[in-house]
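Hello,

Here is the model I promised to pass on. Have a look at it first, and then read on for what turned up.

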Amino acid sequence: MADKEVLQKKLDELQKEYAKTKHNKATNTHLGILRAKISNTKKKMTERKKKKGKGFSVKKTGDATVALVGFPNAGKSSLQKILTNVDSKVADYAFTTLDAIPGILRYNGATIQIFDLPGLIEGAHIGKGGGAMIASAIRVSDLLLFVIDSANPQNLYTLLKELRDLGIHAGRKRPDVSMEKLNSGGIRIENQGYKIPDKESIIKIINEFGIFNCTIHFRNDSTEDDIIDFLAGTDLYIDAIVAINKIDVNENYMNVKAEIEAKTKLKVIPISALRNLNMDELRKGIFAALKISRIYLKPKDGNPDYENPIIMPNDSTIVDVAKKLHSDLVKSLKYGYVSGRSVKFRNQKVGKEHILADEDILTMVYQN
Ligand SMILES: Nc1nc2c(ncn2[C@@H]2O[C@H](COP(=O)(O)OP(=O)(O)O)[C@@H](O)[C@H]2O)c(=O)[nH]1
Ligand SMILES: [Mg+2]
């Protein structure tokens, strides 16, 4: 049998077993493991497709990249048009190759690339072929912006689940788990007071993956699903926020926002792309979710350049800024003067490992 058929057969069997297993407390772990195996098999199938060379390219440019994800008709193209310089209605016609055409949003001095995934995410069908393409598009993104019709919040849960089945965890942090395989000694668990499942469950899960001797380390609270994801190698974790659209025709949108936030812990911003409502709030939300900072450079005896901030990941040091400007600068960097939220005084002298905050003003001092 060809590789592909073997995988398909395995997938069918797993899905059949998943479908016939009753959902209750006793079967929870088993179902989780089945989910992981299904996702792993799907991943293998899409990887094969990718190797066969279906083209899909999104280049990373600018300071950050955001992908719009949503059902057809949710308002993605309308939103992209408002936020950026691109008219993707026009662009849509060019999507014969399924390449995503990015638009650029300039905000707070940052250049943020925003693209739509047209033709890729067709709601309930994303698993059916677009998997590799979605994964490669999401891989270059720093943030997913779910665009959801506020009248259909359940679409969000469908998307989250479908992405999860592809091994993509939107809005979740990578579980901090690591493992060393051993030749003997059984399963050893190292955990310093974090909330983790009971020992029997952990061992059962690890055994299911064919591992019988190892040390597993936990460095934060972890659920059974986290352990399964770690073992299955479903390795894409990405930040996400939600725009609930069409609030101009939905009086109930504040309840929808509250419901989604309670269920998913994702930040929800109500908007209307058609009526241009709450767009400032959305831009602000995107910027905050990207976790980037504006650093204004100031020559020793001059004024800060407020027009062209250096955009850095939050918690960057002065060395990081020097690296971004020019790697040659790093060697001669001595220290800095900083004004802003990361220091107590104006023009405070700080070491080059000082951690900067958004909107800090920085003067760098180099060795002559
Ligand atoms: N009432 C209302 N309609 C909207 C809004 N945003 C988009 N639409 C409409 O919804 C339809 C689908 O929009 P489009 O941007 O093409 O959605 P896409 O398929 O996700 O790209 C179009 O007819 C839009 O005019 C909104 O905020 N309110
Ligand atoms: Mg569209």
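Strand E8 (residues 214–218) is mostly covered, with five of its five residues buried (under 20% relative accessible area, 1.4 Å probe, protein chains only). Cys214, Ile216 and Phe218 point one way from the strand, while Thr215 and His217 point the other way. Helices (H or I, at least four residues) and strands (E, at least two) are DSSP runs, numbered from the N terminus.

This is a predicted model, where local features need pLDDT of at least 70, side-chain atom pairs count only at pLDDT 80 or more, and totals for chains, interfaces and linings use all residues. Residues are numbered from 1 along each chain as written, chains are lettered from A and ligands numbered from 1 in the order written, and side-chain values use heavy atoms, leaving out hydrogens and water.

E8 has two pairings to show you (a pair needs at least two DSSP bridges). With strand E6 (residues 177–181) the pairing is antiparallel, over five bridges; there, serine 178 has histidine 217 as its bridge partner. Strand E7 (residues 187–191) runs parallel to E8, also joined by five bridges, and arginine 188 is partnered with threonine 215.

Now to the ligand. Helix H3 (residues 76–83) gives the most to the shell around ligand 1, with three residues. A backbone N or O atom of lysine 76 lies 2.8 Å from a ligand oxygen atom, and one of asparagine 73 lies 2.7 Å from a ligand oxygen atom. For serine 78, a side-chain N or O atom is 2.5 Å from an oxygen atom of ligand 1.

Best wishes

Terms used
A polar contact is a pair of N or O atoms within 3.5 Å; within protein, one must be able to donate a hydrogen and the other to accept it, and residues adjacent in sequence count only if both atoms are side-chain atoms. Buried means under 20% relative accessible area, exposed over 50%, partly exposed in between (1.4 Å probe, protein chains only).
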